[in-house]
Amino acid sequence: MSNYANFQVGEKFPLPIKNQQDGGLFQIDANGCMFILQLSRHDVIAAEAFRTGKMELALYEQDGLLFFLYQIDGIFKEGWGDAPFSLCGVKPELLPTEKSLADTTLHLYLVDTTLQVLLAQRDVPLPADFMAILHKHVAAQKAATLDEAALRLAVQTIWAQKSPAQMREAASSVIEVPLSIPVPPSKQKLN
């Protein structure tokens, strides 16, 4: 993903996280697309579920805003999480570029909220329809970025109207990420 950051599981997460609280953060910047899930209560099962488990990811659009929706088996018993997308607070030199938007990989990171340690990471390829929606919202926000107060009010208004599960039902694009447990070398057929 990044040419300057070293992402090592078990080490301090190398990027600054403004809101250090449980929940998800979806961002598109000069380094590409990333989703950071911060948890203060977790175990080895949660890290493995994030790294290899089944996930469902979706995009929901309303009133010019975009929400990244996520459901991760093994971490959440039921229900959906959501993370609104915004370019608010992204430094001008880190805004998405044509090159970063050409990368069709979503980088996922599970981070310990308290210690800011990277617990697990995973890359997911994004299909064309998903990327088209991301491109549309990046272009719209670059043309007219909301200030943080207006964004907060707009997001809270949508949250008052719809739960993440209701957003998922009306999602513009959905990705099902299958279980991805690698076969150990001892079980692979050797030719």
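This is a predicted model: local features need pLDDT of at least 70, side-chain atom pairs count only at pLDDT 80 or more; totals for chains, interfaces and linings use all residues.
Leaving aside residues up to four places away in sequence, Phe 50 touches Leu 37, Met 55, Ile 72, Ile 75, Leu 108, Tyr 109, Leu 110, Ala 120, Gln 121 and Arg 122.

Phe 50 also belongs to the largest nonpolar core, a set of 36 residues in which Phe 26, Leu 37, Phe 50, Phe 68, Leu 106 and Leu 134 have the most contacts. Helix 3 (residues 128-143) is the main contributor, giving 5 residues to this core. Apart from it lies another core of 11 residues, including Leu 65, Leu 69, Ile 158 and Met 167.

Turning to charged pairs, the structure holds 3 salt bridges. In helix 1, the side chains of Glu 48 and Arg 51 meet at 2.8 Å, N to O; about one helical turn separates these two residues, because they are 3 residues apart. Glu 48 is partly exposed at 34% relative accessible area, and Arg 51 is partly exposed at 37%.

A salt bridge also joins Glu 56 and Arg 168, with the closest N and O atoms 2.9 Å apart. This pair links distant parts of the chain, strand 3 and helix 5 (residues 164-169), across 112 residues. Both Glu 56 and Arg 168 are buried. Lys 136 pairs with Glu 61 at 2.6 Å between the closest N and O atoms, linking helix 3 to strand 3 across 75 residues. Lys 136 is partly exposed at 48%, as is Glu 61 at 24%.

Notes: Residues are numbered from 1 along each chain as its sequence is written. Side-chain values use heavy atoms; hydrogens and water are left out. A nonpolar core is a set of buried Ala, Val, Leu, Ile, Met, Phe, Trp, Tyr and Cys residues joined through side-chain atoms within 4.5 Å. Buried means under 20% relative accessible area, exposed over 50%, partly exposed in between (1.4 Å probe, protein chains only). Helices (H or I, at least four residues) and strands (E, at least two) are DSSP runs, numbered from the N terminus. Contact means heavy atoms within 4.5 Å. A salt bridge is a side-chain nitrogen of Lys or Arg within 4 Å of a carboxyl oxygen of Asp or Glu.
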